Amino acid sequence: MYQRIEFVFAVVLLGLIVVLVGVAAAARVAGAPIIWSIEVAQLLFAWLAMIAADLALQQERHIGMSLLLDALPPPIRRYAEIANLGILLALVGFLLVYALKNTVLMHPRLIGATQMNASLVHASMAAGLLLMLRTLVLRIYRGIRTPGG
């Protein structure tokens, strides 16, 4: 269910970016550029990138080195995959701490023409890492609970 909600949200964000860029391009050609369009497009893209990263993690479509894992027998491979997910979980948790600190630090900073808080952009990293943390915990849980991997 979460995957569907995230997918719909990602499609909506992508659609908004495409419409915004199209309208901004047409307005520029007409001689009336929309000065805030780049800032809003960057904000939307940051959120889209983090949601897409979590969707890729859910579908196991992140780039990975499986050469070593492919050479292992299935029972050992299962434990190696769980260990890899555990290492990734620790890394994402570590990054989340700093993403949250960065979001708070960026809140007073205002961005260009929109004068929106920079924390709106930086919060995308924290939110995306939280989604990835949830995905990793679920994948580890499934890996442990599923008989035979």
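Asp54 touches Glu6, Leu131, Met132, Arg134 and Thr135, leaving out residues up to four places away in sequence. This aspartate sits in helix 2, and in this predicted model Asp54 is buried, with a relative accessible area of 0%. That makes Asp54 a handy place to start a walk through the fold.

Helix 2 covers residues 37-58, which is 22 residues. From its first C-alpha to its last, helix 2 reaches 31 Å, close to the 32 Å expected at 1.5 Å a residue. After helix 2 comes Glu60, whose phi is positive, near 55°. Glu60 lies in the loop between helix 2 and helix 3 (67-70). Is Glu60 buried or exposed? Glu60 counts as exposed because its relative accessible area is 57%, and the cut-off for exposed is over 50%. Along the chain, Glu60 and Arg139 are 79 residues apart, while their C-alpha atoms are separated by 9.8 Å.

Now turn to helix 1 (residues 2-29). Helix 1 has 28 residues and spans 40 Å from its first C-alpha to its last, close to the 40 Å expected at 1.5 Å a residue. Gly31 follows helix 1 and has a positive phi, near 90°. The buried residues of helix 1 are Glu6, Ala10, Leu13, Ile17, Leu20, Ala24 and Ala27. An α-helix has 3.6 residues a turn, so residues three or four places apart point the same way. What do the buried residues of helix 1 pack against? Their partners are helix 2 and helix 5.

How do helix 1 and helix 2 meet? Their axes come within 9 Å and cross at roughly 155°. The two helices are therefore roughly antiparallel to each other, as an angle over 145 degrees counts as such. The crossing of helix 1 and helix 2 is left-handed. Residues making this contact include Glu6, Leu13 and Ile17 of helix 1 and Leu44, Leu48, Ile51 and Asp54 of helix 2.

Gln3 also belongs to that contact. This glutamine is in helix 1 and is partly exposed, with a relative accessible area of 31%. Leaving aside neighbours within four places in sequence, Gln3 is in contact with Leu55, Gln58 and Gln59. Gln3 and Ile51 are 48 residues apart in sequence, and 9.8 Å lies between their C-alpha atoms.

The other helix pair to visit is helix 4 (74-106) and helix 5 (119-145). Helix 4 and helix 5 pack at an angle of about 160°, with their axes 8 Å apart. That angle makes helix 4 roughly antiparallel to helix 5. Their crossing is left-handed.

Finally, here are the nonpolar cores. In soluble globular proteins, nonpolar side chains tend to be buried together. Which residues have the most contacts inside the largest nonpolar core? They are Val92, Leu129, Met132 and Leu136, in a core of 13 residues. Helix 2, helix 4 and helix 5 are the elements that give two or more residues to this core. Apart from this core lies another, of seven residues, among them Leu13, Leu44, Leu48 and Leu55.

Terms used:
Residues are numbered from 1 along each chain as its sequence is written. This is a predicted model: local features need pLDDT of at least 70, side-chain atom pairs count only at pLDDT 80 or more; totals for chains, interfaces and linings use all residues. Side-chain values use heavy atoms; hydrogens and water are left out. Helices (H or I, at least four residues) and strands (E, at least two) are DSSP runs, numbered from the N terminus. The expected span of a helix is 1.5 Å times one less than its number of residues. Buried means under 20% relative accessible area, exposed over 50%, partly exposed in between (1.4 Å probe, protein chains only). Contact means heavy atoms within 4.5 Å. A nonpolar core is a set of buried Ala, Val, Leu, Ile, Met, Phe, Trp, Tyr and Cys residues joined through side-chain atoms within 4.5 Å. Axes are lines fitted to C-alpha atoms, for helices over the stretch in contact, and angles run from 0 to 180 degrees between N-to-C directions. Angles under 35 degrees count as roughly parallel, over 145 as roughly antiparallel, 65 to 115 as roughly perpendicular and the rest as oblique. A crossing is left-handed if the near helix is turned anticlockwise from the far one by less than a right angle, and right-handed if clockwise.
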